[in-house]
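The sequence and structure come first.

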Amino acid sequence: MCDTHYKNFSPKPGSCNNIEHKKWNRRSFLQALGIVGGGTVALANTALSVSKPSPLSAALNDSETDRVLVIVRLKGGNDGLNTVVPINQYDTYASARPNIKIPENQLFKLNDDYGMPNYANKFQQLWGEGQMKIVHGVGYEESSLSHFTGSDIWATSDVIDEENTGWMGRYFENLYPDYLLNPPERPAAIQIGSSGNMIFNGDQNNFAFSVADPKKLYEIAQNGSLYDLNNLPNCTHGEKVGYLKGIANTTFTYAGVINDAYESTSDYGNYPDNRLSQQLSVVSRLIKGNLGTKVYFVTLGGFDTHNDQLNRQEELITQLSETMAYFYEDLKDAGWDDKVVSMTISEFGRRVNENGSRGTDHGTAAPMMLFGTGLDGNGFIGEHPDLSNLTRNGNLYNTNDFRQVYASIMKEWLCIDSTVVNQTLLGQRYDSLDLGFDCNGSATDEEITNPENFNHVVTYSENQSFLHISNAQAGHVNIDLYSMSGQKIANLKNEILLEGEHVINIKEASKTVLSEGFYAYRITKGKQRYSKPVIIL
């Protein structure tokens, strides 16, 4: 990302022209400069997406627990019935799937009621070692059968699909409202293999982005040099370049931290040669290198098995079982296996009856698999759906709500306060499932006091930007405006703010000339700070 990338619209240094004053937005600007998606680092030939400072890392990295969560996305909708076969309903299962059933003599038994295909025999090892649990029939009522909508619902926890923020992004935005101007030292979350999932989105986006040239990332991570933010042109073009270089610097700083963790440990070696192994071998090195990031997100695609399901799913589940078993061998060798829990998610299951192409169509409920020594033994959670009692479309009724699994993981594994978990899951309370772990001594609902009711949002009208504040308790408030590179531009308010609703015209309150573009405001009230981005039109 050298300065030649700007040559199509760049004026001479220190000068401006009319072209620069055309309206622009963050997305079009980044696309014009070859930056899209989420920050990319190439480690071990694997594309790795790094979230810019977001609420996610702040709360998790500041928490006392050293536990790590790895989310394994089975992209496309994994068929749960051919993954965990209900032996206790085998006749019904086999009748619905005459061509794609797994024969009983090709199953290994988890217990007398349930088995798995022999090709997933590495799961048999994890199960026998007490490092695997299965949650039956996970889904939600009126399940979406769309890949896109289904994926969004699992990421946002909003079954109506009206929410644009992720369940984890909301939590950390709540606990770390000043994330924009006070970035953490560690990456927020790391996604490998898939950068478009909404799970880490906060209210104002999680600022994930990709750098077009990963070699530049390595170069800056290795020599520690960053872009110079001084001596930029005092005009719109300068604002654009400063914004770009500022966010690039943040990524490069994280690249150095990630590279240090990666290089501080070594490969366990001999991982299976597949896509998921490439991802989890990197995750393992970052965990063992004490990176400090507590949530990782990896993806294994190809589960949309409308045809040739027996062969396609065998390849995928074999890959999953072999890789997960080796991942935990790797972690155990380094003494980390009891600190890392992995869970699978998929946007939906598959229909009970096979279709005419020796596959299955989009369905509803499916099992979630959990892995790790921290589970303290194997077992099944909840009841398996009844194959004889189906919806009008021939789908399974869910017996466990996916949000209850989320709540259990957040409260009992990541040790997040239950009141905050309820807020994160859109105001709904979910009792914890017995997944085999808990947070001894963690706070309960009764021990937590709700934070002061202080809300702020920006609206736009007639080329003006308005900051709306809802203040439940009078007190002194200071509001500063910053450039996206962190330079203080103006003070918008420094006075006692009474109870009630307040509206601030940002341009007028700044008492200075503001170029159009992206800025950030910081509100300080008592010991609490809040910050969000704002566009000056």
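Which residues lie nearest the centre of the largest cavity?

## Basis

This is a predicted model, in which local features need pLDDT of at least 70 and side-chain atom pairs count only at pLDDT 80 or more, while totals for chains, interfaces and linings use all residues. Residues are numbered from 1 along each chain as its sequence is written, and side-chain values use heavy atoms, with hydrogens and water left out.

## Largest cavity

W154, I345, S346, A366 and P367 lie nearest the centre, among 17 lining residues. A cavity is a set of points on a 1 Å grid over the protein atoms alone where a 1.4 Å probe fits but cannot get out, and lining residues have an atom within 4 Å of a point. Strand 7 (132-139), strand 10 (340-345) and strand 11 (366-371) each give two or more residues to this lining. Strands are DSSP runs of E, at least two residues, and helices are runs of H or I, at least four, numbered from the N terminus.

The space in the largest cavity is about 110 Å³, a volume being that filled by probe spheres set on the points.

## Second largest cavity

This cavity has a volume of about 70 Å³. Its lining includes H136, A366, P367 and H384. Strand 7 and strand 11 each give two or more residues to the lining.

## Helix 9 and helix 10

Helix 9 (residues 275-288) and helix 10 (residues 309-333) pack at about 20 degrees, with axes 9 Å apart. They are therefore roughly parallel (angles under 35 degrees). Axes are lines fitted to C-alpha atoms over the stretch in contact, and angles run from 0 to 180 degrees between N-to-C directions.

How values were computed: Angles under 35 degrees count as roughly parallel, over 145 as roughly antiparallel, 65 to 115 as roughly perpendicular and the rest as oblique. On a 1 Å grid over the protein atoms alone, a cavity is a set of points where a 1.4 Å probe fits but cannot get out, and a pocket is an open set with protein on both sides within 12 Å along at least five of seven lines; lining residues have an atom within 4 Å of a point.
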